[in-house]
Amino acid sequence: MDQHDERRGRELVDWIDAHLGVRCARCSLELCAHELLFATALGFRREPLCSRCAASETGASDLGTLRAHLRGHFERRACYRFAWKHADELEPRCALREVPAGGPPARAGTLRAELPHETWDAGELGCGELVLDLRLRMRALGAGEILELIARDPGAPEDLPAWCRMTGHELVDARPPRFLLRRRSD
Ligand SMILES: [Zn+2]
Ligand SMILES: [Zn+2]
């Protein structure tokens, strides 16, 4: 694990520790440490949702598929892998420990000429912070509109395709640090 991943991993762990016991913003179920990490990766940090409510909110996949995608994403990212292990240690009997990793490997979008409706320079924002803001910005767009995103976090080329797959938005083009994302039609 390089220095960057280690710092990100510790940030994730600190965030989990600070939010243990938080309840789902929709159904008030208490989120476990694993679900706190799910919520982070999906961009639900500010209004944490349990994985069941997150699956219905994103509308992109059923609960089992969403969990498998998230686990697959975590396996490929050292910072999330580190934080997931921490959640396992906190909750040795949690059922989510056993969620198998699945989903296709992350892939960059294919090139297409698209004109963005909005541009956002996210600078070095990473992991949960990037997708948190990104979710709000995508929500503010109209269906089918394009966001041009500049993201310099070294994890972004891995995080963004995974996030798009899980939330139903389309990654139209990926040439780091520039990404084009199309808002899903609800
Ligand atoms: Zn819920
Ligand atoms: Zn758990």
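Predicted model: local features only at pLDDT ≥ 70, side-chain atom pairs only at ≥ 80, totals over all residues.
Spanning residues 178-182, β4 is mostly covered, with 4 of its 5 residues buried. Strand β2 (residues 146-151) runs antiparallel to β4, and 5 bridges join the two; here I146 sits opposite R182 of β4. Strand β3 (residues 170-175) also pairs with β4 in the antiparallel sense, again over 5 bridges, and in this pairing D173 has L180 as its bridge partner in β4.

Next comes the core. The largest nonpolar core counts 49 residues, and L37, A54, A83 and L181 are the ones that touch the most other members. Helix α2 (residues 33-42) is the top contributor to this core, giving 7 residues. Domain 1 (3-98) and domain 2 (118-182) both supply residues, so the core lies between them. As for A54, leaving aside residues up to four places away in sequence, its contacts are F38, A39, L42, F44, L49 and L66.

Then there is R52, which belongs to helix α3 (residues 51-58). R52 has 16 other C-beta atoms within 10 Å, so it counts as partly exposed, given that a residue is called buried at 20 or more and exposed at 12 or fewer. R52 and L63 lie 11 residues apart in sequence, while their C-alpha atoms are 6.0 Å apart in space.

Note on methods: Residues numbered from 1 in each chain as written. Chains lettered and ligands numbered in written order. Pairing = 2+ DSSP bridges. Core = buried A, V, L, I, M, F, W, Y, C linked by C-beta atoms within 7 Å. Domains from an automatic or database assignment. Contact = placed C-beta atoms within 7 Å.
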